Amino acid sequence: MRILLAAIYPYAFLLLYLIIPFDNYIRALPNILLAILVLAFPFIVKKGDFKKLKSLPIAIFLGLFAYLLIDSLSSGRLAEDFNIIKKVIITVGLAILYIPVADVKKINSAIIFSSLAAILFSVYNFVLITDATGSFALGDSPQVVESLLIDRLYLGMLCTFSILISFQAIQKKYHPDNNYYLANILINALFIVLIASKIALVSLFVLVLIKQFYGQRKILKILIAALSITAVAVLFFVIKNEKNIQSSQSENLKSPPAFIENSMTYELRAVVWNCAKSIIDEDGFTLTGIGFDATKNELVSCYESQISDPEKREKFVSERYNTHNQFLDFYLSAGFIALLLFIFFIVISFISTRKQFFPTAMLAILLMYCMVENLFHRQIGAYYVGFILIVLMTMHEGAENNRIKNL
């Protein structure tokens, strides 16, 4: 029985990450797979497998989860906040359920095929919508938004994962698989451009810069990276001056540069971040936070009082938009302690993996997406943060094995 479960277990994990983008269409299957993994785990896990959890970043993240649970429970708001806390449970659970899996390459392959499947599905939908409407439009058009399998932000994240995994898998010497990985990189990169996923494009640019710090000729690469960053900074500064943007404390902000103004999400984040700032200014320093549900309630109150346009106000109130920033969300909902633990997790993770490009790049993706999204407010976000934790565990395990071999 144990042998059979041990053989099935990795493929259940692979299938889980393969179908994550299709959650809206096969909602029960991910939960079924998670149940299978949970039930099989005690029968196949070995004592030595728990060594994978012996890393400081993982310990800090487990500490963050424990604090969120204790803080919510002690404040009497567990029932209201459990919808968010259970997403953190999924992230932690996936990291723990992974430890009996011997080969992370299976999950990497699942990410690649999952991305390609999501792209094919979205392109097929786009063709159908274009044929039905008789018009063709890319970028931020409603056609693109409606055709995507999942939210553009998370689809861009999945494509970025796929590109990074493929790049890491390419061998320096000729290998037939290199052609497939290169083709996958091109397909995903082109798709990101076509759907105009700005955060994904920024992430890819940052990853290219980070790569300059690895490999040979580091001085030249670092110089190129510094010049590129300077050029981009100058470009933003020039555009900002030309448009004469002046920020204010209300939603009546001056129009940003065209490439930002065209984003359907810019105004949303401008308003919610302004409201989050107002809440912080009014409530002052908080050590333990007010709760995830209470944070949304205060944001809704802010929308009702600060948004003058009735239609826009109704949209924000009915949707109950969150902070769209994981750092702000942790601070407002669980206080300075939660924010400190989360920042500590990211910083220690960067320090622990700084010599390895792949985990460092994954952490960079996590950091950038946390700046514009509350990843733990969506189940798909919890799944992908869980994947990042798995990468950190895998890299730590590989580094530990190399250390032992060198003794």
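His-324 lies in the loop that runs between H14 and H15. In this predicted model, the backbone of His-324 adopts a positive phi of about 55°, although the residue is not a glycine. The relative accessibility of His-324 is 10%, which is under the 20% cut-off, and therefore His-324 counts as buried.

Arg-320 is found in the loop between helix H14 (310-319) and helix H15 (326-353). Arg-320 is likewise not a glycine, yet has a positive phi of about 50°.

The cysteines may be considered next. One disulfide is present in the structure. It is formed by Cys-275 and Cys-302, whose sulfur atoms are 2.1 Å apart; this separation is within the 2.5 Å that defines such a pair. The bond links distant parts of the chain, for Cys-275 belongs to helix H12 (residues 266-283) and Cys-302 to helix H13 (residues 292-306), with the two cysteines 27 residues apart. Because the torsion about the S-S bond of Cys-275 and Cys-302 is about -85°, the disulfide is left-handed. Both Cys-275 and Cys-302 are buried.

Two further cysteines deserve attention. Cys-159 has a relative accessible area of 0% and is therefore buried. For Cys-370 the relative accessible area is also 0%, so Cys-370 is buried.

Definitions and conventions. Residues numbered from 1 in each chain as written. Predicted model: local features only at pLDDT ≥ 70, side-chain atom pairs only at ≥ 80, totals over all residues. Heavy atoms only, no water. Helix = DSSP H or I, 4+ residues; strand = E, 2+ residues; numbered from the N terminus. Buried < 20%, exposed > 50% of the residue type's maximum accessible area, 1.4 Å probe, protein only.
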